[in-house]
Amino acid sequence: MGQPVASRGRAATATLWKAMLNKYARAFFTRVLTPFAAFLIRRGVSPDTVTLIGTAGVMAGALVFYPRGEFFWGTVVITLFVFSDLVDGNMARQLGRTSRWGAFLDSTLDRVADGAIFGGFALWYAGQGDNNVLCAVSIFCLTSGQVVSYTKARGESIGLPVAVNGLVERAERLVISLVAAGLAGLDTFGVPGIHWLLPIALWIVAVGSLVTLIQRVVTVRRESAEAEAQADAEAEAGTAGSGGRDNGPRGGAAQADASHGSEAAK
């Protein structure tokens, strides 16, 4: 049986919201960043170079500032370099150089950048932050984020569509974590009580990532079972078809044997 109507409605609404946000946000940033991307192209900078520099900047912002509790400035640095993910794609499109290598490099370095961000949180809570629970939550966010991405990539590599929109995917993980970290960093400027935003955000990301992981695993299992059932049905249909084609000659031979037997009996 299918999902309840209310459940399907909520899923459709969430999917539509994400699609609209992605469409209009990308359109806005494309208009803003296209001149800058064109400038870099004129200077002879390659999209791969922008990808590498952007990842290095995110890692520096996360691993230099976050372990010291400088969440505001760390987030500012990370946010500036996160836009390189849009710039390199814009440059590739302008140059007509979209390639499998570029997609592979971009996706791989995205995982490195994500690991650095949550690794920076973990280092803070393992050190001056002095909170083993939140250190563990940060490590879980880091690990689950990598596994969530892996489940989709692995499912697609074995020929499955993995047709599911997870509750908390990469964009949501980054937005929730970076906004909370940046605001929590205002605590150093005298804004009271705001430091609690980061722990709350980490718990939200952790729970959301777990739900997303379960969604993808369940989806892959269902799609795998459906694919195997379809393959078995096609194999059985092929066997039946082959058997039907062979029945003609075998039936004719049987009839000839029966005829010979009748002649002999006579």
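Read along the sequence, the protein follows the pattern α-α-α-α-α-α-α-α, with eight helices and zero strands. Helices (H or I, at least four residues) and strands (E, at least two) are DSSP runs, numbered from the N terminus. This is a predicted model, in which local features need pLDDT of at least 70 and side-chain atom pairs count only at pLDDT 80 or more, while totals for chains, interfaces and linings use all residues. Residues are numbered from 1 along each chain as its sequence is written, and side-chain values use heavy atoms, with hydrogens and water left out.

Of the 266 residues of the protein, 31% count as buried, that is, under 20% relative accessible area with a 1.4 Å probe, protein chains only. The accessible surface (Shrake-Rupley method, 1.4 Å probe) comes to about 15900 Å², and 66% of this surface belongs to carbon and sulfur atoms. A contact means heavy atoms within 4.5 Å; among contacts between residues at least 6 apart in sequence, 77% join residues at least 24 apart.

| Helix | Residues |
|---|---|
| α3 | 71–82 |
| α7 | 170–184 |

The axes of α3 and α7, which are lines fitted to C-alpha atoms over the stretch in contact, come within 6 Å and cross at roughly 140°. In α3, Phe-71, Phe-72, Thr-75 and Ile-78 meet Leu-178, Ala-181 and Gly-182 of α7. The residues of this contact divide into five nonpolar, two polar and no charged; Gly counts as polar, whereas Ala, Leu, Ile and Phe are among the nonpolar residues.

How values were computed: Buried < 20%, exposed > 50% of the residue type's maximum accessible area, 1.4 Å probe, protein only. Axes fitted to C-alpha atoms, helices over the stretch in contact; angles between N-to-C directions.
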